[in-house]
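Work through the exercises below with the model open. Try each task before reading its solution.

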Amino acid sequence: MFQPKTYEGSLTAKYDLLAKQLDALLEGEKDQVANLSNASALLNQFLTDVNWVGFYLWKQGELVLGPFQGLPACVRIAYGKGVCGTAAKEKRTMRVEDVHAFPGHIACDAASNSEIVVPFLKNGELLGVLDIDSPSKGRFSEEDEQGLQQFVKVLSSHI
């Protein structure tokens, strides 16, 4: 049974513990939907000041909504469009302090003001993106970016 942890120490130390917790939570399970569902729930429990945490999966040339925590969301995102589509196309993390200033931003939740999107790959192939929104501008730091990239790397090893 899952037991919530108290995350203490620096933000980097908290993300290190989160990655270990994810690895243990997903150990032995290979089902993609189950693992993405637990990963989004774990992140939602860990992160503060966020209003959406979830995944878009790469399917037939577009991103399709996957497991998430939050309000109903856009179902399909075109390759190269919005923050998620750009992160997928460029295969790099996008950390956006003010989504309203991002050209072509796709507003699925009007409450979102900042966003971070981390692509996840397996053997160099795009599987999808982790998308996290916050109602606060500038919510995501360099430490968040590094910690979430570590989280996605652990996740990718279980898919």
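**Exercise 1. The cavity**

How do the residues of the lining of the largest cavity divide into nonpolar, polar and charged?

Solution. The model is predicted: local features need pLDDT of at least 70, side-chain atom pairs count only at pLDDT 80 or more, and totals for chains, interfaces and linings use all residues. Residues are numbered from 1 along each chain as its sequence is written, and side-chain values use heavy atoms, with hydrogens and water left out.

Step 1: find the cavity. A cavity is a set of points on a 1 Å grid over the protein atoms alone where a 1.4 Å probe fits but cannot get out. Searching the whole structure gives one cavity of 30 Å³ or more. The largest cavity holds about 150 Å³ of space, a volume being the space filled by probe spheres set on the points.

Step 2: list the lining, meaning residues with an atom within 4 Å of a point. There are 17 such residues; Ile 106, Cys 108, Glu 115, Asp 131 and Asp 133 lie nearest the centre. E1, helix H3 (82-90) and E6 each give two or more residues to this lining. H3 gives the most, three residues.

Step 3: sort by type. Ala, Val, Leu, Ile, Met, Phe, Trp, Tyr, Cys and Pro count as nonpolar, Asp, Glu, Lys and Arg as charged, and the others, Gly among them, as polar. The lining has nine nonpolar, three polar and five charged residues.

**Exercise 2. Helix H4**

Solution. Step 1: length. Helices are DSSP runs of H or I of at least four residues, and strands are runs of E of at least two. The expected span is 1.5 Å times one less than the number of residues. The 15 residues of H4 (142-156) should therefore span 21 Å, and the end C-alpha atoms are 21 Å apart, which agrees.

Step 1: burial. Buried means under 20% relative accessible area, exposed over 50%, with a 1.4 Å probe and protein chains only. Buried residues of H4 include Leu 148, Phe 151, Val 152 and Leu 155. Among the elements covering the buried residues are helix H1 (11-26), helix H2 (32-46) and strand E5 (114-122), by contacts of heavy atoms within 4.5 Å.

Step 2: cap. Ser 141 caps the N-terminal end of H4, with a side-chain oxygen 3.3 Å from the backbone nitrogen of Glu 143.

**Exercise 3. Positive phi**

Examine Gln 60 and Asn 123: where does each residue lie?

Solution. Step 1: Gln 60 is in the loop between E1 and strand E2 (62-70). Its phi is positive, about 50°, although Gln 60 is not a glycine. Gln 60 counts as exposed because its relative accessibility is 84%.

Step 1: Asn 123 is in the loop between E5 and E6. Its phi is also positive, near 55°. At 78% relative accessibility, Asn 123 counts as exposed.

Terms used. Polar contact = N/O pair within 3.5 Å; in protein donor to acceptor, adjacent residues only side chain to side chain. 1 Å grid on protein atoms, 1.4 Å probe; cavity = no way out; pocket = protein on both sides within 12 Å on 5 of 7 lines; lining within 4 Å.
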